[in-house]
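Hello,

Here is the structure we talked about handing over. Please look through it first; my notes follow below.

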Amino acid sequence: MQNHPYIWNYIPLLMQVGIVGLMTLGMVTMSWFIGRHRNLKDKLEAYECGIPAEGDARGRFSVRFYMVAMLFILFDVEAVFMIPWAVIYRRLPAITGSQLFGFWEMVVYLGFVVVGVFYVWKKGVLDWASDKADL
Amino acid sequence: METGLFTFLIVNLIKIVVVVVILLMAVAYTVLLERKLVGRIQNRWGPSRVGPFGLLQPLADGAKLFLKEDLMPFAVERPLYVLAPMIALGCALTSIAVIPFGANIQWHGVDLFQISDVSIGLLILLGITSVGVYGIALSGWSSNNKYSLLGALRASAQVISYELALGLALVGVVMRAGSLRLRDIVNVQTGHSLVAFLHWNFFGGFQFVAFFIYLMAAYAETNRAPFDLPEAESELTAGYHTEYSSMKFAMFFMAEYANMITVGCVATLLFFGGWTSPFGHFLSGSGPVSTAILSVFWFVAKVFFFLFLYIWVRGTLPRFRYDQLMGFGWTFLVPVAIANIVVTGLWMGLSLPAH
Amino acid sequence: MHLALFLIFGALCVAGALNLLLQRHPINSALSLIVVMSSLAVLYLLLGAEFLAAAQVIVYSGAIMVLFTFVIMLLNAGREERTRGSKMAYVIGFPGAAVLLALLADIFITHSGEFHRVHAGEYVVSTAALSGVLFRDLLLPFEVTSILILIAILGAVALARKEH
C-alpha cells in the first residue's frame, strides 16, 4: 500500500461517508413508505402531554447558552493548537536544543488561557445556578 | 503491493458494507444487553420472551419500528426535520471508519481490520464528533416543540462543553505516542512481557487521570446517564426526539448506541492497548490466522467491558442537575485536564534523554 | 483521482456557497456554510494539508457554525424578506466586484509563467513537520495567539454583560 498516493488513505473514509449517507436516506424514505399514514389533526399537533399546545417553541433563551458557545470556540482553538505541540513534544529537545524549552513554551501559552478560565469563572459565567452573575 | 484503483474501490466497498452491517448488529445487541443488565440490576428479568433468552428481541423491535406510522407533525420545518436524524446516525456510523479493530494484517495489500488508516485518525474522530452536534440541535429546533427545543439546547451546550475536556484529555496520550495515527498510539503501548498491560497508557503512561476525564466527558458526549439531561424523561418527555416516530426515532436511538460503541473503541485504543493482548505474547497468536482472531477477540473484549461499564453506571447513578453538570465540566474537568497536560509534559521533559 | 475529487468537492463547495446566498431562511444558509467549510477541508486534504483539513472541520464546521446556529435558532430569526437590495450595492458593489475580478484575471494572465506548478498531492505536510516549524520559527506568533484568545475571552464576557 506504500506505493499509493497518500490521498488513497482517505478515499475509504469518503466512501464511508457516502455509503452511510445513502443508507440513512434509504432508512428515512423506506419508513415513510412502509408505515401507513392515518393523519388526524390531534395526532399531528405538537406534543404537550395531551393538552392543546400553547403558542410555538420559538422564543428567546438565556444568554448563557451563547456564552457557552462563544467560550467553546475560543478554547477549542486553543485545544487545536495544543495537538501539534503534543505530536512533536518528544522531538522538541532535539529541535530547539534545550531539554525543557518545549515545556515552557506550552506553560506560557497555557498560562494566558488559564487566566482566561479563571476570569470567566470568577465572573460567574460558569455558575449556572446563581442569578448574581454579571450576565 | 500495487493494486489497481478499481480493485481498491471494490475491496473497500465490501469492507465498509461488512463493517457497517456488523456495527448495526452490535448496536442492536447492545440495546438488548442494556435491557437485560438494567433488568438484572433492578431485580427483574428483562426481555425473555422472543427467542431463547430474548435473543431475537432486537430483530422484533427493529421490524416493529419499521412498520410504525411515520408522523410528520404540522409545525415542523420539513427538510430539517428529516435531515436531523440522518446527520445524527450518519456521524455515529462514520467514525468507525478510522478505528483499527485488529492487528495490522495485510491480505493482498489490503488492511483487513481497518477501513481507513489515516495519519490524523484521532483528529478525524474529534471532527466527526463535533459535526454530530448538528443532528441534535436541528432535531430540537425543527420539531417546533418546547420539550424538543429545551432538550436540544441542553444537549448541544453539554456536548460542546464536554468536547473541550475530551480534547484536552487526549493531549497527554498524543504526547506519549508522538503521533495522531491510532495504530501508532496502540503500538506505543505494546509490551512483550507477561505483564504487558503495565505498558498501557492507563498504567504505564500514567494517564489514568486523562482516562477518567475522557470517560466522564464521553458519558456526557453520548448523552448517557448520569448526564442524560437532554432526554430527562421526568422533565422533558423524551427531549430532542419527542416529535419523532417510527424509523426516525429509531435512528436517534441507534446513533446513541453506535456512539457508545465508538467511545468504547476509542477508550480501548487510547488507554488500554487496543487489540494487543494484556499478557504480552501469551494469547496473542503465532500464525497470521490466530493473530487475527485473537487480536479481534481482545479488542472486542475490551470494548465489551466499556459497554458493560456504561450500563452499570446507568443502572447505578442518579442524574445530575443542569447547573452541576455545566459546573463540573468547566470548573473541574477542564482545569484538571490542563493540569494533567502540564504534569505529563514536565515528567516527560525531565525523563527524555538529553539530545 | 485527484482531479475527480477536486471537481466533486469544488462543485459541492460552489453549490453550497450559491445556496447560502439564495436561501431565504438563515438556518438553511448556515447549513450551506457548513457544507462549504467541509468541502474546503477535503480540498485542503487534496493539497496535502492534513492537519489544516482536520482543524477546518473541528474549528469551523464544529465550533464556529455551532454558535451561528445557536444564534439563529434561539433569537427566533425568521425568514428574511426579499428587498430590492440597497442602492449602495448597485452603485459600488457590482462595479467593485467586476474590477476585482478583472484585476485578478489580469495578474493571472500576465504572470502565469512565473507560478510554480504544483500538482495536487505532490507535497504532504505531516503534522510533525508543521509543528516543527510552528514551535521553533513561528514561536512568537504562536504565543501571541494565546494573548489573542485571552482578549477574545474578555470580549465575550463584556459582550454578554448586563446593561447598567
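I start with one residue of chain B. Leu67(B) lies in helix H2 of chain B, which covers residues 57-67. Is Leu67(B) buried, partly exposed or exposed? Leu67(B) counts as partly exposed, because it has 13 C-beta neighbours inside 10 Å and burial takes 20 or more. Which residues does Leu67(B) touch, leaving aside its neighbours within four places in sequence? The contacts are with Ile34(A) and Gly35(A). Trp298(B) is 231 residues away from Leu67(B) along the chain. The C-alpha atoms of Leu67(B) and Trp298(B) are separated by 38 Å.

Please keep in mind that this is a predicted model.

**Chain A against chain B**

The contact takes 62 residues from chain A and 71 residues from chain B. On the chain A side, the elements that give two or more residues are helix H1 (11-34), H2, H3 and H4. H1(A) has the largest share, with 15 residues. By class, this side of chain A has 44 nonpolar, 10 polar and 8 charged residues.

**Chain A against chain C**

Here 44 residues of chain A are in contact with 42 residues of chain C. H2, H3 and H4 of chain A each give two or more residues to the side that touches chain C. Which helix gives the largest share of that side? H2(A) does, with 19 residues. The classes on the chain A side come to 33 nonpolar, 4 polar and 7 charged residues.

**Helix H4 of chain A**

H4(A) is worth a look of its own. The helix spans residues 101-122 and has 22 residues. From first C-alpha to last it reaches 31 Å, close to the 32 Å expected at 1.5 Å a residue. Its buried residues are Gly102(A), Phe103(A), Glu105(A), Met106(A), Tyr109(A), Val113(A), Gly116(A), Val117(A) and Val120(A). An α-helix has 3.6 residues a turn, so residues three or four places apart point the same way.

What do the buried residues of H4(A) pack against? Within chain A, the partners are helix H2 (63-88) and helix H3 (92-96). From chain B comes helix H11 (322-351), and from chain C helix H6 (139-159). Just after H4(A), Gly124(A) takes a positive phi of about 80 degrees.

**A helix pair in chain B**

H11(B) also pairs with helix H7 (residues 208-221) of chain B. Two packed helices are described by the angle between their axes and the distance between the axes. For H7(B) and H11(B), the axes come within 10 Å and cross at roughly 145 degrees. The crossing is left-handed. H7(B) makes the contact with Val209(B), Ala210(B), Ile213(B), Met216(B), Ala217(B) and Ala220(B). H11(B) brings Gly329(B), Leu333(B), Val336(B), Ala337(B) and Asn340(B).

**Domains**

Chain A is assigned domain 1 (1-36) and domain 2 (63-122). The C-alpha centres of these two domains of chain A are 35 Å apart.

Chain B is divided into domain 1 (22-63) and domain 2 (68-351). Their centres, taken over C-alpha atoms, are separated by 22 Å. In chain B, 10 residues of domain 1 are in contact with 11 residues of domain 2. The domain 1 side of that contact has 8 nonpolar, 1 polar and 1 charged residue.

Chain C is divided into domain 1 (1-79) and domain 2 (126-164). The C-alpha centres of the two domains of chain C lie 23 Å apart.

**Chain C overall**

How many helices and strands does chain C have? The secondary structure comes to 6 helices and 0 strands. From the N terminus on, the order in chain C is α-α-α-α-α-α. Chain C has 164 residues, and 25% of them are buried. Among the contacts in chain C with a separation of 6 or more, 61% are between residues 24 or more positions apart.

Best wishes

Notes
Residues numbered from 1 in each chain as written. Chains lettered and ligands numbered in written order. Predicted model: local features only at pLDDT ≥ 70, side-chain atom pairs only at ≥ 80, totals over all residues. Helix = DSSP H or I, 4+ residues; strand = E, 2+ residues; numbered from the N terminus. Expected span 1.5 Å × (residues − 1). Buried ≥ 20, exposed ≤ 12 C-beta atoms within 10 Å, placed from the backbone. Contact = placed C-beta atoms within 7 Å. Domains from an automatic or database assignment. Nonpolar A, V, L, I, M, F, W, Y, C, P; charged D, E, K, R; others polar. Axes fitted to C-alpha atoms, helices over the stretch in contact; angles between N-to-C directions. Left-handed = near helix turned anticlockwise from the far one by under 90°.
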